[in-house]
Amino acid sequence: MSRPGDADQHPLVLGPMLRYVDATSATVWVRTAQACTVTVERAGRTWSARTFGVHGSHYALVVCDGMEPATDETYEVRLDDETVWPLEGEPPSRIRTLDPGRLPYLAFGSCRTTGTHDDAGNRVHGVDALRSLAVALREDPEAGWPDLLLLLGDQVYADTTPNPDLDEFLRARRDVSEPPWEEIKDYVEYDELYRLTWGDPVIRWAMSTVPSAMIFDDHDIRDDWNTSYSWRRDIRATTWWQERIVSGLAAYWVNQHLGNLSPAGLAQEPLFRRVLEHEAEGRDGEVDLTADLDALAARADAEPETYRWSYTREVGDCLLVVVDSRAARDLQPDERSMLDRAEAQWLDDTLRGGYRHVFVGTSLPFLLPPGLHDFEAMDEAVAQGAFGRRAARLAESMRRSIDLEHWAAFNHGFDEVFEMVMDLARGHRDEAPQTVTFLSGDVHNSYFAEVTDEEQYGARSRITQAVCSPIRNPMPRGVRVAVSMLAKSLVRPMRFLAARSERVPDPRYPWTVTQGPWFDNNVALCRVLPDALELTWVTGVDDGDHDHPRLRRVWQVEVPAARGTEDTGSDGRPTPQDELPEPAHSGPDRRGAHSVA
């Protein structure tokens, strides 16, 4: 049944969102005000799906198959017999199928809060970098579109309500002086959070045209989610957590996870298969997944090995592996790891060569600045009892209070995954790729790091880390200064201490941060060139014109397949040539003569 007030909304509440796209198929996600049949029409062909229900809301994921590779056509969306997209006065949306001859082009980032886009909103949140990119794409139809927008966590903030409309919605439903206070409580509130986060007209249009892939991080559920065993024990003791985690994972499954899957993956997903079978059998009405989805979410939280949120995508001749580094953790104090045994085995089976580039998407940076890595590794060793119980309690308290919960703080899993990557880079898993690049967010600063002297370890691939955070949630200026200093000044003292402690694991393969950190609201652009990767971080600038923000380049790094020819990039100052990134033209030879964006 419909939620009260839905009938007063536009029949298309949210979306369309273009999610999975390959050479011949695509999926389009929508949320509707009423149960209905959703039809997508493109180039004279139509595909339809009935909505399914969850907690009184209605959704559909339309699988569009049998398309031609390398085609670029507009599409429309109908609900029953009513055309509802594109909106009047807005540009059309497009589905561009992958072209095997086109060099892949990705955009990525993490951490985007809601909030207004006026002076007041920008003072708190900064200019929205994703919205600025969307405006640039909308205002230049000749610009090339990214083949994929990868959102690496904190797509929504369930533990804060920075949007006044959301705050008003919560207060109208319940007493916010009671747990969980002004945080998200249940599925209905998550629904409204997603609507407000993705409902801006420019964002909505961009996500209807640029394919997207996503993975959660802590704020999608709650700050510090699964930091440690003691955190999980304490949060489970509250009266409100069970409803929150079930609602959060259920809402993630509907709004984010389903769109990550290919048509073949959807057909194998047990719960979504009920939707497909309902449609295939021609039953009346829509199937209601509420009870079964809540059960799935509860089971996935209690027994993480029973459900996999990680997934893969192929983009041209590149492989993207997106890893769940939150829900799949092993939190047992004696052997904690970022990935439990089932997840680690899946990653081991998935990391394969034979691709030009392999990208590993993980919300938390795999390669932290080395000093911070050593600091977190030392804290983990102490927290696990290396120096007694009193020191362990202090270290565990520090771990939770200042977020020492990155890969370094789960060192067993860090070493295990690093060996997998080195095995791939050595060519032991089919032909070694040119690069293995970790794409990450979370830390509210952006930087570029690289493993040094890989060849002395037998690696034939360059191994790098690119971090882009935040899209819109800047770190306070005082904290920026402290983080920048610590990232540099901690390197030598932490290495000195770690190297002299038998209880602190020593990373086998050294790396260094070669560029950054930068603290702007950013979106990163990753272009595959014939013999290199080009990474560009761009930020939004609006100069008071909130409807027409422009992009300014923050930094650019080129990673050649062979060492010795690196481009150190811009100095980051807003010089005239930094105003807009160069359009990514769609032809396969578009970057034969490289120029700086």
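What share of the contacts in the protein with a separation of 6 or more comes from residues 24 or more positions apart? The share is 74%. Contact means heavy atoms within 4.5 Å.

**Before you start**

This is a predicted model: local features need pLDDT of at least 70, side-chain atom pairs count only at pLDDT 80 or more, and totals for chains, interfaces and linings use all residues. Residues are numbered from 1 along each chain as its sequence is written, and side-chain values use heavy atoms, with hydrogens and water left out.

**Stop 1: the whole protein**

Show everything as a cartoon. You are looking at 16 helices and 22 strands. Helices (H or I, at least four residues) and strands (E, at least two) are DSSP runs, numbered from the N terminus. The accessible surface of the protein is about 22,700 Å², and carbon and sulfur atoms hold 50% of that. Such areas come from the Shrake-Rupley method with a 1.4 Å probe; for residues, only the protein chains shown count as cover. Of the 597 residues, 59% count as buried. Buried means under 20% relative accessible area, exposed means over 50%, and partly exposed is in between (1.4 Å probe, protein chains only).

**Stop 2: helices H4 and H7**

Two packed helices are described by the angle between their axes and the distance between the axes. Select residues 187-198 for H4 and residues 241-260 for H7. Their axes come within 9 Å and cross at roughly 40 degrees. Axes are lines fitted to C-alpha atoms, for helices over the stretch in contact, and angles run from 0 to 180 degrees between N-to-C directions. H4 and H7 are therefore oblique to each other. Angles under 35 degrees count as roughly parallel, over 145 as roughly antiparallel, 65 to 115 as roughly perpendicular, and the rest as oblique.

Show side chains here. On H4, the contact residues include Tyr 190, Tyr 194 and Trp 198. On H7, they include Arg 244, Ala 251 and Gln 256. The residues of this contact of H4 with H7 divide into 8 nonpolar, 4 polar and 2 charged. Ala, Val, Leu, Ile, Met, Phe, Trp, Tyr, Cys and Pro count as nonpolar, Asp, Glu, Lys and Arg as charged, and the others, Gly among them, as polar.

**Stop 3: Gln 155**

Next, select Gln 155. It sits in the loop between strand E11 (148-151) and helix H3 (164-173). Is Gln 155 buried or exposed? Gln 155 is buried, with a relative accessible area of 5%. Leaving aside neighbours within four places in sequence, Gln 155 is in contact with several residues, among them Trp 198, Phe 216 and Gln 256. Gln 155 and Asp 218 are 63 residues apart in sequence and 10.0 Å apart in space, C-alpha to C-alpha.

**Stop 4: helices H2 and H5**

Select residues 129-139 for H2 and residues 201-209 for H5. Here the axes come within 9 Å and cross at roughly 65 degrees. That makes H2 roughly perpendicular to H5. Leu 130, Ala 134 and Leu 137 are among the H2 residues in the contact, and Ile 203 and Trp 205 are among those of H5. By class, the contact of H2 with H5 has 8 nonpolar, no polar and 2 charged residues.

**Stop 5: helices H12 and H13**

Move to residues 370-383 for H12 and residues 389-401 for H13. The axes come within 7 Å and cross at roughly 135 degrees. That makes H12 oblique to H13. Phe 375 and Val 382 are among the H12 residues that meet H13, where Ala 395 and Met 398 are included. The contact of H12 with H13 divides into 7 nonpolar, no polar and 4 charged residues.

**Stop 6: backbone details**

Most residues other than glycine have a negative phi, and most peptide bonds are trans. Zoom in on Pro 179 and Pro 180. A cis peptide bond joins them, with omega about 0 degrees. Pro 180 is in the loop between H3 and H4. Then find Ser 469 and Pro 470, where the peptide bond is also cis, with omega near 0 degrees.

Finish with Asn 226, in the loop between strand E12 (212-214) and helix H6 (229-236). Asn 226 has a positive phi of about 60 degrees. Asn 226 is buried, with a relative accessible area of 3%.
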